[in-house]
Amino acid sequence: MPEALQGCHTLLIEGYVVEGHVPVAQVKRLLAERPAIKGISLPGMPAGSPGMEGEKTEPFTVYEIGDGDTKVFARE
């Protein structure tokens with residue numbers, strides 16, 4: 001896992017890695033679309049994300065975990 005994409009939890013689901021406190025809607029999208037990537041990540045532990053206390057202060061940026069460049073999977 002690239003350091004820049006590390007979260008605090010790792011889940012393996014249907015062949016994909018889900019790293020960090022990724023919103024459920026994005027996990028569902030990943031499984032529905034089944035892109036050719038290794039998984040998705042919401043790096044760090046942003047306040048207001050699923051399972052974290054505090055209020056969401058800005059959109060969450062969920063990144064693709066792939067073989068090369070870091071790309072945005074979704075902003076929520």
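Me: Is Lys38 buried, partly exposed or exposed?
Reply: In this predicted model, Lys38 is partly exposed, with a relative accessible area of 45%.

Me: And which residue does Lys38 form a salt bridge with?
Reply: The partner is Asp67. The closest N and O atoms are 3.0 Å apart.

Me: Is Asp67 buried or exposed?
Reply: Asp67 counts as exposed, at 73% relative accessibility.

Me: How many salt bridges are there in the count?
Reply: The count comes to 3 salt bridges. One of them joins the side chains of Arg34 and Glu14, at 3.2 Å from N to O. Arg34 sits in the loop between H1 and S3, while Glu14 sits in the loop between S1 and S2, so this pair ties together parts 20 residues apart in sequence.

Me: Which residue does Arg29 meet in a salt bridge?
Reply: Glu33. Their side chains meet at 3.1 Å, N to O. Both residues lie in helix H1. They are 4 residues apart, about one turn of the helix.

Me: What are the accessibility values for Arg29 and Glu33?
Reply: Arg29 has a relative accessible area of 29%, which makes Arg29 partly exposed. Glu33 is at 48% and also counts as partly exposed.

Me: Which ring does the charged end of Arg29 sit over?
Reply: The ring of Phe73. The charged end is 3.9 Å from the ring's centre.

Me: Switching to aromatics. How many aromatic pairs are counted?
Reply: The count comes to 0 aromatic pairs.

Me: How do S1 and S2 run, parallel or antiparallel?
Reply: They run antiparallel. Take Ile13 as an example: its bridge partner in S2 is Tyr16.

Me: Now the inside. Which residues make up the largest nonpolar core?
Reply: The core has 12 residues. They are Tyr16, Val18, Val22, Val27, Leu30, Ile37, Ile40, Leu42, Phe60, Val62, Phe73 and Ala74.

Me: What does Ile40 touch, leaving out residues up to four places away in sequence?
Reply: Val17, Val18, Glu19, Val22, Gln26, Val27, Leu30, Val62, Tyr63, Ile65 and Phe73.

Me: Gln26 is on that list. Where does Gln26 lie, and is it buried or exposed?
Reply: Gln26 lies in helix H1. Gln26 counts as buried, because its relative accessibility is 9% and buried means under 20%.

Me: Which residues is Gln26 in contact with, apart from neighbours within four places in sequence?
Reply: Gln26 is in contact with Ile40, Val62, Phe73, Ala74 and Glu76.

Technical notes. Residues numbered from 1 in each chain as written. Predicted model: local features only at pLDDT ≥ 70, side-chain atom pairs only at ≥ 80, totals over all residues. Heavy atoms only, no water. Pairing = 2+ DSSP bridges. Helix = DSSP H or I, 4+ residues; strand = E, 2+ residues; numbered from the N terminus. Phe/Tyr/Trp six-rings, centres within 6.5 Å; stacked < 30°, edge-to-face > 60°. Lys NZ or Arg CZ within 6 Å of the ring centre and 35° of its normal. Core = buried A, V, L, I, M, F, W, Y, C linked by side-chain atoms within 4.5 Å. Buried < 20%, exposed > 50% of the residue type's maximum accessible area, 1.4 Å probe, protein only. Contact = heavy atoms within 4.5 Å. Salt bridge = Lys/Arg side-chain N within 4 Å of Asp/Glu carboxyl O.
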